[in-house]
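Q: I'm new to this one. Can you walk me through it?

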Amino acid sequence: MMKEKDLHNALILNPSLIEEGLRFKGSEVYIHGKRCDLLFEDKFGNDLFVEVKKQVDYSAVGQLIRYDGLVNDENARFMLVGFTYLDGLKEGLLKRGYEFKEVSEKVVSSYIARLVNTNVQSELEAKTDQSELIEFYQTEMKNMQVKMEQRFNFLLSELVMLKEKVNSY
């Protein structure tokens with residue numbers, strides 16, 4: 001089963017999953033103390049703020065509205081991207097002028113698999129002896145460890161922020 005982070009990463013690597021002509025500008029972008037998942041620039045030069053959710057629900061809509069209120073740019077766009085949406089949310093988003101994109105888990109999974117297979121295969125083909133292969137696998141393991149540590153640190157910071165919110169009540 002796909003995770004929200006998988007969708008997040010796939011959108012960074014392939015913004016055309018959202019729309020053609022997008023250029024990735026940033027991840028976890030701060031907007032007056034709030035963090036928006038992704039920021040792109042569209043083909044017209046406008047910022048597109050994207051909130052990514054595995055399942056888009058009412059709280060995600062609230063986040064999008066909050067970002068809209070905090071961004072001081074009348075040309076900025078705001079979009080929710082997710083695998084699924086609660087019933088009625090898409091219609092409400094359309095009615096209020098907010099954008100959304102439903103992305104198939106199958107499409108993202110296929111894209112990631114192709115990307116991984118292509119990268120690993122080309123790396124393996126370049127290795128001519130066992131010592132290079134061992135070095136390649138060791139490097140890949142280190143990279144995975146770094147990514148896991150980054151994810152752990154991110155989750156830890158989220159827990160700290162949540163604790164601070166709870167303590168402030």
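A: One cut-off to start with: a residue counts as buried when its relative accessible area is under 20%. Lys53 has a relative accessible area of 17%, so it is buried. Keep in mind that this is a predicted model.

Q: Where does Lys53 sit?
A: Lys53 lies in strand S3.

Q: Which side chains make polar contacts with the side chain of Lys53?
A: One is the side chain of Glu51, at 3.4 Å. Another is the side chain of Gln63, at 3.1 Å.

Q: And what is Lys53 in contact with, leaving aside neighbours within four places in sequence?
A: Glu4, Leu7, Ala60, Gln63, Val81, Gly82 and Phe83.

Q: Let's zoom out. How many helices and strands are there?
A: The protein has five helices and five strands. Starting at the N terminus, the order is α-β-β-β-α-β-α-β-α-α.

Q: How much of the protein is buried?
A: The protein has 169 residues, and 30% of them count as buried.

Q: What share of contacts join residues at least 24 apart?
A: It is 51%, counted among contacts between residues at least 6 apart in sequence.

Q: Back to single residues. Where is Asp37?
A: Asp37 is in strand S2, which spans residues 34-41.

Q: Buried or exposed?
A: Asp37 is buried, yet it has no salt bridge.

Q: Why no salt bridge?
A: A salt bridge needs a side-chain nitrogen of Lys or Arg within 4 Å of a carboxyl oxygen of Asp or Glu. For Asp37, the nearest side chain of opposite charge is Lys53, and that is 5.1 Å away.

Q: What lies 2.7 Å from a polar atom of the Asp37 side chain?
A: The backbone nitrogen of Val52.

Q: Which residues is Asp37 in contact with, again skipping neighbours within four places?
A: The list includes Glu4, His8 and Gly26. Ser27, Glu28, Val50, Glu51 and Val52 are on it too.

Q: You mentioned Glu28. What is its phi?
A: Glu28 has a positive phi of about 55°, although it is not a glycine.

Q: Why point that out?
A: Because most residues other than glycine have a negative phi.

Q: Where is Glu28, then?
A: Glu28 lies in strand S1, residues 23-31. With a relative accessible area of 24%, Glu28 is partly exposed.

Q: Which other residue has a positive phi without being glycine?
A: His32 is one, with phi near 50°. His32 is found in the loop between S1 and S2. At 64% relative accessibility, His32 counts as exposed.

Q: New topic. How many salt bridges does the structure hold?
A: Eight.

Q: What does Glu19 pair with?
A: Glu19 forms a salt bridge with Arg77, and the closest N and O atoms are 2.8 Å apart. The two are 58 residues apart, so the pair links distant parts of the chain. Glu19 is in the loop between helix H1 (4-13) and S1, and Arg77 is in strand S4 (residues 77-85).

Q: Are those two buried or exposed?
A: Glu19 is partly exposed, at 21% relative accessible area. Arg77 counts as buried, at 15%.

Q: What does Lys90 bridge to?
A: Lys90 forms a salt bridge with Glu102, with closest N and O atoms 2.5 Å apart. Lys90 lies in helix H3 (residues 89-96) and Glu102 in strand S5 (residues 99-102), so the pair ties together parts 12 residues apart in sequence. Lys90 is partly exposed at 27%, and Glu102 is partly exposed at 38%.

Q: Last one. Which residues form the nonpolar patch on the surface?
A: Leu156, Leu159, Val160, Leu162 and Val166, with about 460 Å² of accessible area together. Leu156 is in helix H5, residues 130-168. Its relative accessible area is 41%, so Leu156 is partly exposed.

Note on methods. Residues are numbered from 1 along each chain as its sequence is written. This is a predicted model: local features need pLDDT of at least 70, side-chain atom pairs count only at pLDDT 80 or more; totals for chains, interfaces and linings use all residues. Side-chain values use heavy atoms; hydrogens and water are left out. Helices (H or I, at least four residues) and strands (E, at least two) are DSSP runs, numbered from the N terminus. Buried means under 20% relative accessible area, exposed over 50%, partly exposed in between (1.4 Å probe, protein chains only). Lys and Arg count as positive and Asp and Glu as negative; His and the chain ends are not counted. A polar contact is a pair of N or O atoms within 3.5 Å; within protein, one must be able to donate a hydrogen and the other to accept it, and residues adjacent in sequence count only if both atoms are side-chain atoms. Contact means heavy atoms within 4.5 Å. Patches are made of residues with over 30% relative accessible area and no salt bridge: like charges are joined within 9 Å, nonpolar side chains (Val, Leu, Ile, Met, Phe, Trp, Tyr) within 5 Å. Accessible areas come from the Shrake-Rupley method with a 1.4 Å probe; for residues, only the protein chains shown count as cover.
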